[in-house]
Amino acid sequence: MMFSERRVIVVDQPISREQLLTLLADSLLADGLVKDSFLGGVLAREREYPTGIDMETHAIAILHTEYEHVNKTGFAVAINRAGVAFQRTDDPEQQVKPAIVVLMAIDPTCEKVAIIQSLFALLADVDAVNKISEYSPAEIAKTFSQAITTR
């Protein structure tokens, strides 16, 4: 199951970006979708290529790491009510507080570009992001499952 309510985390208490990413990565690890090395790969890639995306009306973050850390494609989603900050992709000196953070575990059988395009289509509209942010974990998993294309 690519999306699961077990891998939807609502962050409503202040935590660090690393703590948020650890929670997401641990949920993927618990379901056997990633290797023990996954979190380290994500953190290293985030330092090199920040993932906060300013969409003008809101912000999102979409993270991943190399295939070598992944067993099977799956996703973890955080609803970032605590306002955990991420450096911007286009200007790492600036930060955004993404409403939704998506951690992707992508195996080589999936088309990463198609996944990212479908994520952008789902999360481009601030009204949609606000609605998703209020959904239950089961509704969030269902919404992402229906919207995301892996090929």
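**View A. Ile 79, a buried residue.** At 1% relative accessibility, Ile 79 counts as buried (buried: under 20% relative accessible area; exposed: over 50%; partly exposed: in between; 1.4 Å probe, protein chains only). The model is predicted: local features need pLDDT of at least 70, side-chain atom pairs count only at pLDDT 80 or more, and totals for chains, interfaces and linings use all residues. Residues are numbered from 1 along each chain as its sequence is written, and side-chain values use heavy atoms, with hydrogens and water left out. Ile 79 sits in strand 4. Helices (H or I, at least four residues) and strands (E, at least two) are DSSP runs, numbered from the N terminus. Leaving aside residues up to four places away in sequence, Ile 79 touches Ile 9, Val 10, Val 11, Ala 99, Ile 100, Ile 132, Ser 133 and Ile 140. Contact means heavy atoms within 4.5 Å. Arg 47 lies 32 residues from Ile 79 in sequence and 21 Å from it in space, C-alpha to C-alpha.

View B. Helix 1 covers residues 17-30. At 1.5 Å a residue, its 14 residues should span 20 Å, and the end C-alpha atoms are 20 Å apart, which agrees. The expected span is 1.5 Å times one less than the number of residues. Arg 17, Leu 20, Leu 21, Leu 24, Ala 25, Ser 27 and Leu 28 are buried. They cover an arc of only 150 degrees around the axis, so they are on the same side of helix 1. The arc is that of the directions from the helix axis to the C-beta atoms. An α-helix has 3.6 residues a turn, so residues three or four places apart point the same way. The cover over these buried residues includes strand 1 (8-11), helix 2 (38-48), strand 3 (59-63), strand 4 (74-80), strand 5 (86-87) and strand 7 (100-105). Gly 32 follows helix 1, and its phi is positive, near 75 degrees.

**View C. Helix 1 against helix 2.** The two helices pack at an angle of about 140 degrees, with axes 9 Å apart. Axes are lines fitted to C-alpha atoms, for helices over the stretch in contact, and angles run from 0 to 180 degrees between N-to-C directions. From helix 1, Arg 17, Glu 18, Leu 21, Thr 22, Ala 25 and Leu 28 meet Phe 38, Leu 39, Val 42, Leu 43 and Glu 46 of helix 2. By class, this contact has seven nonpolar, one polar and three charged residues. Ala, Val, Leu, Ile, Met, Phe, Trp, Tyr, Cys and Pro count as nonpolar, Asp, Glu, Lys and Arg as charged, and the others, Gly among them, as polar.

**View D. Helix 3 and its two sides.** Helix 3 takes in residues 112-123. Its twelve residues should span 16 Å at 1.5 Å a residue; the end C-alpha atoms are 16 Å apart, which agrees. Ala 114, Ile 115, Ser 118, Leu 119, Leu 122 and Leu 123 are buried. Seen down the axis, they fall within an arc of 155 degrees, so they line one face of helix 3. They pack against strand 3, strand 4, strand 7, helix 4 (126-134) and helix 5 (137-147). Gln 117 and Ala 121, on the other side of helix 3, are exposed.

**View E. The loop between strand 2 and strand 3.** Glu 56 lies in this loop. Its phi is positive, about 75 degrees, although Glu 56 is not a glycine. At 77% relative accessibility, Glu 56 counts as exposed. Thr 57 is in the loop between strand 2 (52-54) and strand 3 too. Thr 57 counts as exposed at 53% relative accessibility. Thr 57 and Ala 124 are 67 residues apart in sequence and 9.1 Å apart in space, C-alpha to C-alpha.
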